[in-house]
Amino acid sequence: MIYPDNFENKIGFDRIRTLLGEKCLSPMGLEKVNAIKFVDDFGNLSHILSATYEFQQILIFEDFFPSEHYYKISDCLNKIRIEGTFPEVQEVFDLKRTLETVKSILNFFRNKDAVKYPVLQSMCSSVKMYPYVLESIDRIIDKKGVIRDNASSRLKEIRAELIGKSIHVTKRLNAILKQAQSDGIVDSDTSASVRNGRGVIPVSSYDKRKIKGLIHDQSASGKTVFIEPEEIVEINNDIVELEYEERREIVRILTAFADDVRPYIDDLLESNIFLGEIDFIRSKALLGNHLHSIKPILTDKPFIAWKGAIHPLLYLSFEKSEGRKVIPLEIVLDEKDRILLISGPNAGGKSVCLKTVGLLQYMLQCGLTIPVAEGSETGIFKNILIDIGDEQSIDNDLSTYSSHLINMKYFVKNGNDKTLILIDEFGTGTEPMLGGSIAEAILGELNRKKVFGVITTHYTNLKHFASLTDGVENGAMAFDNHLMQPLFQLTIGKPGSSFAFEIARKIGLPEEILVIASEKAGVKNINYDRHLKDIARDKRYWETKRQSIRQQEKRLEELMSEYEKELSGARTLRKEIISKAKDEAQKLLQESNRMIETTIRQIKETQAEKEKTKDIRQQLEEFKNAVSEDTKPLKTGSEEKIAILSSRARKIKLESEPVKEKQVQAPSQEHPLKPGDAVRMVDTQAAGEIIEIKDKMVQVETGNLRFFVPLDRIERISRADLKKSLRANQVYRENDPAIVQRNINFKPEIDIRGVRGEEAINQVRDLIDNALIVQHRNLRILHGKGNGILRQLIREYLATVDVVKSFRDEHVEFGGSGITVVEMDF
């Protein structure tokens, strides 16, 4: 139950309904917006909210959702239910595009995981598509919505005759005009014209007798007449008859089409209803995303626990002006404190707070997500009753106070534990003492009935009542009594002062009047109000202190976390450095061992002294023991140990080098290089295979890249060395953090709609460069349709890029000519 009848206007939902209507794409969606109703069934409401929130996720995370050609086809379909009737050509064209949109939506959801958008996907299950209907339309209508020439053999003949006769008329008319110009009847720059669908020649009214024919029109001045020459009248008559016959043939084709699709009308109407529902949900999702709305945790019982709630209309209003921001509200109405009694100064935000509760709860139970913070919870109310504004009426002999009492009577009679009431300026409109007493009695009765509600007031007796009564909680709108301005912040637990004397003093009311007023108000009331102000001031002070402490604690936690990460990183880096140093030492040991063994063999072969051989073997053994003695992670002094090992290795290497020089010879290149040879580039040490040789330049392929290198900057290597180098390069690519991160971040699609030409080319160039690095072959460029200028510019650039193998339009179901699909050639 919603009360009163003008409930939506009072809380502002009529403006929300208007905003939703503006975001609809079709009359069907607009009809559903106008038919929005209050829902109090938990299962139904949960389903509606889930559908809206899922569509919000689609708009945020999905690249494309069909949003064109949402036409209302129900009128056309209902018309052709009667046998012998037929649709207009435009109606058939709208039917075609509407069914294609429905098909695209169904394909969109079929290609998604079942758990991603479960509610929206379940809506698609009841929609039936008949390819036969689309095929029937395609047989008679082309892509531009025109009846095809081959829709029937007779239509093809008629149009061929029309074209022939039209050409004949044009030729004869031009010939007659040329002759008239030669005879001086018409000016040389005169051209043929058309009047009433027939070709005519403009002739001066003085010379109209010189050309035989029918006069179809004359100029406004009467000086020029438009004559259809006599010899082409019959031809034009034939053309008119053919046009009538063409129309009759088109009607026959459309009637046959109506007969074909008549058995499917009910299912086609269902698909149009589905399209309207999608349009309606889309409009709610668009508004929800604009307001940063969410679906709060929904519970099948009446209560409210909102965090960061904002008034949507106030948010949209402040959005247009810089520097203004809506203060979020924290509101809780539960079994313990069902009624919130808000007090505070005028223009402090009491009424906004009350209307925020009413509007958000009503929006939620109408199936819209609401602008509250994550973690907010809300229940469902059966009734929402409000008393806001002035309902006085001369016609009904109602005063302001009488209208309030009538509303209170209705609240007391119909209120229960599933009712939410909203009362603004409770008890006002009559003598304060009596009005406050009546208001207190009504509040007690509402509390006894366990209703939920938000009430604003200035009455002190109601503040006392809330402090002493279970189920009713005081709340206050904060006020800065130093700057004498409201803060628009709701604090729950303490009543608020009206700051009447302070506001009056700020306005400039004479001090002597304020002194007299203080005496009349009494010491008790003045002290009570002063204590409320002191409590509010102290609470604000300690809230500020607590907030400062929280921020410092948070900063401290962040610093500790940052230091722990750095310490952990340092430990990891230390282990990596030590491990790397050990690996290098092991490699150095193996190399030294090989060189020394070679040296020893040569010493033996040359019959050197045995003592020299023994010394060399002893040095080798000492070096091996020094490296192998600590296989666990190195501890303190490891750097010095590595330095010692490295110096020993260098010493052994130096001692063995003279012998090595005698045994190792530079590789020879007796045979000239040819395509297919394995080579290494001297400058970069990159290995590859020769593809071709031109003069003194060689094209070398390494991995997926090709380079031109001077012939004197490469050297021949073995096939084994080439494979080893390529494997090392592959391992590097798989483990290099920069390349790995680039692979993770790479997206094969870009959106350049609205981007200027040069910037668009730069973005496409970056996309191709990144694709080349990460080896991704298929790319998509979303440039939109428009006038096709950006599409042409992009394709002209792609045609100049060597690594682009081909490019084409995307499939019509996924964007058509608005998207270019690029295939790379690696």
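Two exercises with worked solutions follow, both on a predicted model.

**Exercise 1.** Determine how helix α2 is oriented relative to helix α3, and which residues make the contact between them.

*Solution.* 
Step 1. Locate the helices: α2 covers residues 13–22 and α3 covers residues 27–34.
Step 2. Take the geometry of the packing: the angle is about 170°, and the axes lie 9 Å apart.
Step 3. Apply the cut-off: angles over 145 degrees count as roughly antiparallel. The helices α2 and α3 are therefore roughly antiparallel.
Step 4. List the contact residues: α2 supplies Arg-17, Leu-20 and Gly-21, while α3 supplies Leu-30, Val-33 and Asn-34.
Step 5. Sort the contact residues by class: three are nonpolar, two are polar and one is charged.

**Exercise 2.** Describe the strand pairing and the burial of strand β5.

*Solution.* 
Step 1. Locate the strand: β5 spans residues 224–229.
Step 2. Pair β5 with β3, residues 198–204: the two strands run antiparallel and are joined by four bridges. In this pairing, Ile-201 has Ile-227 of β5 as its bridge partner.
Step 3. Pair β5 with β4, residues 213–218: five bridges connect the two strands, again in the antiparallel sense. Here Val-225 of β5 stands opposite Gln-218.

Note on methods. Residues are numbered from 1 along each chain as its sequence is written. This is a predicted model: local features need pLDDT of at least 70, side-chain atom pairs count only at pLDDT 80 or more; totals for chains, interfaces and linings use all residues. Side-chain values use heavy atoms; hydrogens and water are left out. Axes are lines fitted to C-alpha atoms, for helices over the stretch in contact, and angles run from 0 to 180 degrees between N-to-C directions. Angles under 35 degrees count as roughly parallel, over 145 as roughly antiparallel, 65 to 115 as roughly perpendicular and the rest as oblique. Contact means heavy atoms within 4.5 Å. Ala, Val, Leu, Ile, Met, Phe, Trp, Tyr, Cys and Pro count as nonpolar, Asp, Glu, Lys and Arg as charged, and the others, Gly among them, as polar. Buried means under 20% relative accessible area, exposed over 50%, partly exposed in between (1.4 Å probe, protein chains only). Two strands pair if DSSP finds at least two bridges between them.
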